[in-house]
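Biologist: I am new to this structure and would like a guided look at it. Could we put it on the screen and begin with a helix?

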Amino acid sequence: MKLEDWTPTLGAAPLLGIALGAILLLLLLIMRLRVHAFVALVLVSLLTAFAAGIPAELVVPALTQGFGSTLASVALLVGLGAMLGRVVEATGGAKTMADTLIRFFGEKRAPFALGVASLLFGFPIFFDAGLVVMLPVIFAVARRLGGSVLAYGLPAAGAFSVMHIYVPPHPGPVTAAGLFDANVGLVMLLGLAIAVPTWYVTSYLFGLWAGRRWVLPVPAILGEASEEREAHPPRFATVVGVLVLPLLLILMNTGLNTLNAAGAFGADAKGQAWYQVLRALGETPVALLITLLVAMATLGRRTPGGREGLESILDGALAPVCSVILVTGAGGMFGGVLRTSGVGAALAESLTGLGVPLILAGFLIAGALRIAQGSATVALTTAAGLLSTAVAEAGFTEVQLATMVLAVAAGSVIASHVNDSGFWLVGRFFGMDVPTTLRTWTVLETLIGVMGFVLAWAVFALAAA
């Protein structure tokens with residue numbers, strides 16, 4: 001029997017009980033018994049698979065499927081991003097960016113500047129890739145000004161999160177817009193109108209408060225620039241060109257896809273070699289690889305020791321992020337086992353008859369799915385699919401359809417915790433333990449969801465008036 005042929009046999013109540021017990025056991029192992037997160041995640045994933053009734057011969061495939069699918073998206077991005085970040089950091093490029101930002105915005109507005117830059121970067125770049133690219137600049141500013149790395153990192157991470165959740169061309173809102181037959185352009189405009197104030201309150205202001213509450217040093221995950229390179233850093237324009245390059249390549253990919261969907265290239269554009277090649281160059285791993293090669297050719301030639309020195313820098317970039325990649329993959333494994341067990345489908349089926357307004361039902365169903373199985377994209381698309389028929393029959397206006405998409409998106413982001421690979425990515429990058437990550441990142445993501453939903457519902461109500 002193959003894993004995709006297996007059908008869950010337990011009902012909603014037992015599956016929800018297993019999921020809750022698994023999460024509590026995981027927190028106990030990591031927070032109280034101090035078991036390493038990677039070991040704890042693998043162990044709890046194994047126990048959860050058996051408890052959920054997955055046949056013994058399919059348990060390991062269930063574990064490796066979730067682990068492998070997460071690594072497929074994370075390992076290349078984190079590995080290439082870490083190497084790029086190390087080159088930017090070691091050659092003094094991050095210091096150049098930090099000095100320019102501080103000079104232009106002032107020391108007190110440095111977290112605001114990092115957040116605004118991340119909002120711009122986050123338009124075409126996925127959350128994890130954007131955060132990796134911005135890390136060296138975040139760390140350089142934090143080292144220069146002092147204080148907790150959270151005061152600089154959370155506004156930037158929150159910016160990438162709100163853009164990823166609310167604004168096309170990111171896959172979640174685009175898919176939900178298709179299921180609801182909503183206008184993608186209108187979803188983008190309203191998504192931006194909701195994302196920016198939501199970021200300011202839930203990520204920038206909350207990040208400043210969290211930085212005062214939890215004073216954490218800058219992690220050494222990307223190393224530090226040498227004194228020689230800091231004395232003669234590269235030009236600002238060169239560093240900006242390197243950091244903007246992946247944005248432009250990825251924007252080319254999403255732009256071509258959007259134009260083709262609108263029929264700008266005719267009916268057979270997908271069969272044209274030029275179209276496929278340009279889109280491939282704009283895929284996130286390829287864009288980061290091209291950017292790394294450009295950084296090696298421009299910034300890397302300043303490295304002491306020539307090619308051997310550059311090779312040493314690149315090699316040293318990978319070792320510190322191995323733990324990040326493995327723990328993030330194990331987090332994806334845990335979430336994957338929960339999805340395979342059927343907990344998401346069982347929960348969704350039990351929530352479809354809530355008897356509440358559709359916009360609130362969308363938020364609650366997406367939120368419950370997010371908490372149960374971890375993936376924001378799965379929660380968003382599943383909730384949208386469940387409600388698509390009801391939404392089609394409701395006779396909503398274009399604005400109401402767009403706000404329905406945003407309300408479901410808001411639910412899909414709340415309560416990032418131990419079954420979400422992004423939880424481990426952020427926690428490890430910023431040097432946080434699990435309790436601190438729960439108090440900061442989990443709260444921040446929940447605030448993003450709640451405030452975004454309130455704003456979406458307000459627009460929905462105005463449109464209905």
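Modeller: Let us take helix 13 (residues 284-298), whose 15 residues should span 21 Å at 1.5 Å a residue; its end C-alpha atoms are 21 Å apart, which agrees. The expected span is 1.5 Å times one less than the number of residues, and helices (H or I, at least four residues) are DSSP runs numbered from the N terminus.

Biologist: What kind of model is this, and how are residues numbered?

Modeller: This is a predicted model, in which local features need pLDDT of at least 70 and side-chain atom pairs count only at pLDDT 80 or more, while totals for chains, interfaces and linings use all residues. Residues are numbered from 1 along each chain as its sequence is written, and side-chain values use heavy atoms, with hydrogens and water left out.

Biologist: Which residues are buried in helix 13?

Modeller: Thr284, Ala287, Leu288, Thr291, Leu292 and Ala295 are buried in helix 13. They cover an arc of only 135 degrees around the axis, which puts them on the same side of helix 13. Buried means under 20% relative accessible area, exposed over 50%, and partly exposed in between (1.4 Å probe, protein chains only). The arc is that of the directions from the helix axis to the C-beta atoms.

Biologist: Why do residues three or four places apart point the same way?

Modeller: An α-helix has 3.6 residues a turn, so residues at that spacing point the same way.

Biologist: Changing topic, how many aromatic pairs are there?

Modeller: The count comes to eleven aromatic pairs. In one of them, the ring centres of Trp209 and Trp214 are 5.5 Å apart and the planes are at 85 degrees, so the pair is edge-to-face. Rings of Phe, Tyr and Trp (its six-membered ring) pair if their centres lie within 6.5 Å; planes under 30 degrees apart count as stacked, over 60 as edge-to-face and the rest as tilted.

Biologist: Is Trp214 buried or exposed?

Modeller: Trp214 counts as buried, at 12% relative accessibility, and Trp209 is partly exposed, with a relative accessible area of 40%.

Biologist: Which parts does the pair of Phe396 and Phe460 tie together?

Modeller: Phe396 lies in the loop between helix 17 (376-393) and helix 18 (398-413) and Phe460 in helix 20 (residues 434-464), so the pair ties together parts that are 64 residues apart in sequence. Phe460 counts as buried, at 11% relative accessibility. Elsewhere, ring pairs link Phe112, Trp199, Tyr200 and Tyr204 into a cluster.

Biologist: How many cavities of 30 Å³ or more does a search of the whole structure find?

Modeller: The search finds one, and about 40 Å³ of space lies in the largest cavity. On a 1 Å grid over the protein atoms alone, a cavity is a set of points where a 1.4 Å probe fits but cannot get out; lining residues have an atom within 4 Å of a point. Grid points are joined across faces, edges and corners, and a volume is the space filled by probe spheres set on the points.

Biologist: What lines the largest cavity?

Modeller: His164, Ile165, Gly172, Pro173, Ala376, Thr377 and Leu380 line the largest cavity. The largest share of this lining, three residues, comes from helix 17.

Biologist: Where is Arg34 found?

Modeller: Arg34 is found in the loop between helix 1 (12-32) and helix 2 (37-51). Phi of Arg34 is near 60 degrees, a positive value in a residue other than glycine. At 63% relative accessibility, Arg34 counts as exposed.

Notes. Helices (H or I, at least four residues) and strands (E, at least two) are DSSP runs, numbered from the N terminus. On a 1 Å grid over the protein atoms alone, a cavity is a set of points where a 1.4 Å probe fits but cannot get out, and a pocket is an open set with protein on both sides within 12 Å along at least five of seven lines; lining residues have an atom within 4 Å of a point.
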